[in-house]
Amino acid sequence: MSAVLYGVLAAFFNGLLVGSLYGLMALGLTLIYRVTKIPNFAFAEYITYGAYAAVAASFVIDPVNSAALLVAGILFATSAGAVIALASDELVFKPLWRRGSEVLQLLVASIGVGLVLRYSLLGAAALTGGKYLEVRFPVTYQTVFSVGGLASITTAHLLAITSMVLFAIVLHLLFTRTRLGKAMRATASNPTLAQITGINVILVRRITWLMAGALASFAGFTYSYYNPVNPESGWITLLWIFSAAIMGGFTFYGVLLSGLLLGIAENVVGFLANYYLGIGSEYNPVIALVTLVTVLMVRPEGLIRMESLVVARRV
Amino acid sequence: MVEAVSGILVQYLILFAAYAIMSLSFNMEYGFGGIPNFGKVLFVGLGAYTFGALAAWITLGIGTSRLGLEIVAEDEPAYCTGTAKYVFSQIVEGGVMTPLEITGITLLAVVAAIAVGAVGGVVASYPAVRLRGDFLAITLLAMGEIVRLIVYNSPWPVCAFDGLSGIPSPFSVMGLEHNISVAVVSLATLAAVYIFVSRATNSPWGRALKAVRDNEIAAMVYGYNPARIRLQALAVGSGLAGLAGALLVIYSGNVNAISFKPDKTFEVIAAVMLGGSANNLGALLGAAIVAGLLVFLNVSSLRALGIDLPASVGQALPYMKFTIIGLTIILVLLYRPQGVLPEKPLKTPLIEWLKRKLGRK
Amino acid sequence: MRVEGLVKTFGGIRALNDVTLSIREGEMVGLIGPNGSGKTTLFNVISGVYKPDRGRVFFRGEDITGLPPYELYKRGLVRSFQIPRLWSKMVVAENTASAHRERPGSDPLSSIVKRKNWILWEKDSLVRSVSNVLSRLSLGHVALNWASEISGGQMKLTDISRAMMGRAKLLLLDEPTAGVAPKLSREIFETLRALNKEGLTIFVIEHRLEILFEYVERVIVMHEGRVLVEGAPDDVARDPRVLNAYLGSA
Amino acid sequence: MGSAPPVLETLGLTGGYGKNVIVEGVNISVGEGEVVALVGPNGSGKSTLLKSIYGVATVLGGRVLFRGSDVTKLPPERKTAIGMNYVPQTENIFPDLTVRENLEMGAYLVRDESLVRDSMETVFSIFPQLRGFQNVLAGSLSGGQQRMLAVGRALMTRPKLLLLDEPTAGLAPKIALELLDLLVNVREEAGVSILIVEQHARRALELADRGYVLVSGRIAAEGDGKSLLAREDLQKLFLGITG
């Protein structure tokens, strides 16, 4: 096999993994945005905290039993993320929303929440002697099959892809088939009318945050399963997550596809640019960001929309 | 002890001046004009890169020819090489250039930094006219990251991840104490910028900015072209941001793209929200507090003040600063959304006259 | 001002259905009609807030269809809104002042370089015209209050004060007296009449017909997106079609 | 109307927004199975009266009786639960939900699935047009269809009383007429009393059993629809030319 093809394949496999993570992470962000209209910058931190909580599970569970550890990791991560997400809404976003704050104020508030969470974790890691400035989930992934030893599919791929697809389907079904999901959409679409029809808007909001937080931290767990994690890991990925969410037009299937596409494009295009033009892979992130800015400028309603969301209304 | 404290105080004054200029500029765009320029750090960076590269390039060109040297540099600017560092040090110590020359170069580079910043602002007004609110904020933030990532990885203009360093200090060439001189010049610049901004905003233009911010359709009906006013605000604001960037480089003698992460924008946002949006004095107050956090919450600063921290706390301290900044943003939004110094009517003859008239009653 | 064959559709509903009408220079004309008959939409199309699907708008002989509102302002066309769109975080006097037709110092460069100029202008002429307009509308005592913190009637008046400052040739007023006490409503119309006498053309949507009919020379009645009747107030009031329109003709 | 208490009765109802009084001392009643029209010139407070009854606007004085019991202080969602429903003039649907989902959300408080299905059938039989659009986003319906959906949504809880705020505002005349005709079906098929605020006074009064004319926040005339229409002074009331 020629070197180019080989390299492209390796980049593609890697992109598949990274892209699934983007998609997985963007699902929770989308959930929050669709129900509460908050562009939540603190979402990155729910991911990071999830990863750290998963690692914390290994202090409790005997690391020899890897299956039990995986389960404990997931449980620790999701419960931590759900609690933190809910707390950030109850303490910050809900009071602001009640007062009728504009979107931009909510955005700034979420940046504040993000700073507090991120740097508290960094501070705590530093306080404990810097040992936790980088952590890794003790159970590592295994190669499932490999082409020539470099381009390989691993259990991390399987976990990321399956969970992303699964959660996207679950969320889509939740929103289209269930009473709760429809109540969530109704709340977002017309809160006053939702209240009149007897929907408990506050409860719906709480459930949304719990779910989104759990999703974020599950993604964080998945991240820590294949990569070392530091307190800034979530934050560094945040703009990519936003890219995926915006490209997908904040629809669950759209976000899934955009995430995959971003991850694959970033890696494959990056590889080709390196191979033929000598541009280093350190420019890869630029691809995602330029895509984001382009999409926002040209089609702010998203590139890949898998549902019609906002319709032309009378002005 | 006294020396150490005064050293920190000087450092604080410089940082205060730089942050105050950034805050005044962000306040003009966001507070008065309602444009969420979350890419503030991009324009500060543009100023810094421009100033650093231009000053280094000219200085090095003159320096090498006078020293009879020749620098061969492949794939990177000559000023990134080790020889360049030697030339720079010779300029400071060996009197290769006259104070007048180096002052001229510095001023030229400052003007260029302002100009490039302003041009960047004009470019940024393209999305600012088309997008609103959160999407605009994310776009500008992402634009900032794109430029930072490229600059950080490319040898042009500021030597990639090594950064451009050792730019000769004009004050040292003149035989002055560098930090104190920078502090004096920064404060003088800040004073000029403050007068500029407060005159520009306390004017019919300030009313135009607020009109577009408060209700765009009404502003259009009464003859204001929002696209033009947004462009003006971003051009002026980004020019000022470029100036702040240049000041930071003059102070440190280095430029490295790593220091222009979004966090810097967030510090500025925190300063403006804390001090009071659409209030220039508020921006100063906010900058004073934020710069204070950044300077004094440091192990070395605290040690100089006689406070010794356990080693572990010392390591956590740089992070805790940002926790406090984040907390500040949240608390201000929750409990005093208008900031410490709330928005006031613009100081124009009209308002002064009305105050006198209504006050007399 | 003349509009020809204006059509504007929203999601399948024809808000304006072939509207043709004209206003002569110096006239004061009332526009009435039941809710949803297209009055406000007509104003929005004339003033450039919406673009019409079909038809043209002419102002003093010039085709101004689809021009942005700030271009229309330059040509002397100013409007007010039914729900006043004030600049809420500016004080009343600033709201009034910002609508002034002359605007030295309203860009960053001239606000600094020509500072003496505009300060002098503001002291000499702006202060006087603002205080004139405000006292004429009895807003003097709230001149320094935030526009978001005055009563609904005062908001209405502030909006009118802006329209007066614009020193327009044609003024479109959308329900200037809605939510204003009856006595004040009359005063508003007295002011409008005085402005009209000074040469301002006024086109006004109004629901208080008893007041409107006293002041305008001509009334245009809209119904279901069309011009139903136009004529002198007394004739219009007696026209059976108008009664039908208000009671709901089958 | 027999001896049973009227479905709705207001006693000296005064309401508005904040401290702003818009309607004052209004006494009206709606009997079992009656369609009552509330007409009057623009700005006379018709919508506000409806909102005060349902609890969306502030009640500043007086009482609201629903089937004999005092419901003045009940929040809107409680009123929905006990059989009153309200269709606001605007923003009366969930634009981002499909037609079917809008109806389901209308019956959010009804747990019994078969009841929901029955109610939906009733709505579709009253508004056959909607049946074909079940899976279409409500926001993309035409204005007339949106109003039908809004009324249908309110019918999903099988209310005893329906408060309709200008269901025909902004509709083309032909469509408005169709909708008003359909409202007669609503009464018959869903067995509900209706209090309707209507701009098209003539149509509404022709359709209604009784009517009230509201002028400047007070009841200026009342009676059965036909006799109200015959009154000459009514025309004057509408054009606001007094004396």
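Biologist: Lys and Arg count as positive and Asp and Glu as negative, while His and the chain ends are not counted. How far apart are the mean positions of the positive and negative charges of chain D?

Modeller: This is a predicted model, in which local features need pLDDT of at least 70, side-chain atom pairs count only at pLDDT 80 or more, and totals for chains, interfaces and linings use all residues; side-chain values use heavy atoms, leaving out hydrogens and water. Residues are numbered from 1 along each chain as its sequence is written, and chains are lettered from A and ligands numbered from 1 in the order in which they are written. Each charge is placed at NZ of Lys, CZ of Arg, CG of Asp or CD of Glu. For the 25 positive and 27 negative charges of chain D, the mean positions are separated by 4 Å.

Biologist: And how far apart are the mean positions of the charges in chain B?

Modeller: Chain B has 24 positive and 19 negative charges. Their mean positions lie apart by 19 Å.

Biologist: What is the mean pLDDT of chain D?

Modeller: pLDDT is the predictor's confidence in each residue, from 0 to 100. In chain D, 93% of the residues reach 70 or more, and the mean is 85.

Biologist: What radius of gyration does chain D have?

Modeller: Chain D has 10 helices and 11 strands. A compact globule of 243 residues would have a radius near 18 Å. The value for chain D agrees with this: 17 Å.

Biologist: What share of the residues of chain B count as buried?

Modeller: Buried means under 20% relative accessible area, exposed over 50%, and partly exposed in between (1.4 Å probe, protein chains only). Of the 361 residues of chain B, the buried share is 60%.

Biologist: In chain D, what share of the contacts with a separation of 6 or more comes from residues 24 or more positions apart?

Modeller: A contact means heavy atoms within 4.5 Å. Among the contacts of chain D with a separation of 6 or more, residues 24 or more positions apart account for 68%.

Methods: Helix = DSSP H or I, 4+ residues; strand = E, 2+ residues; numbered from the N terminus. Rg over C-alpha atoms; globule rule 2.2 N^0.38 Å.
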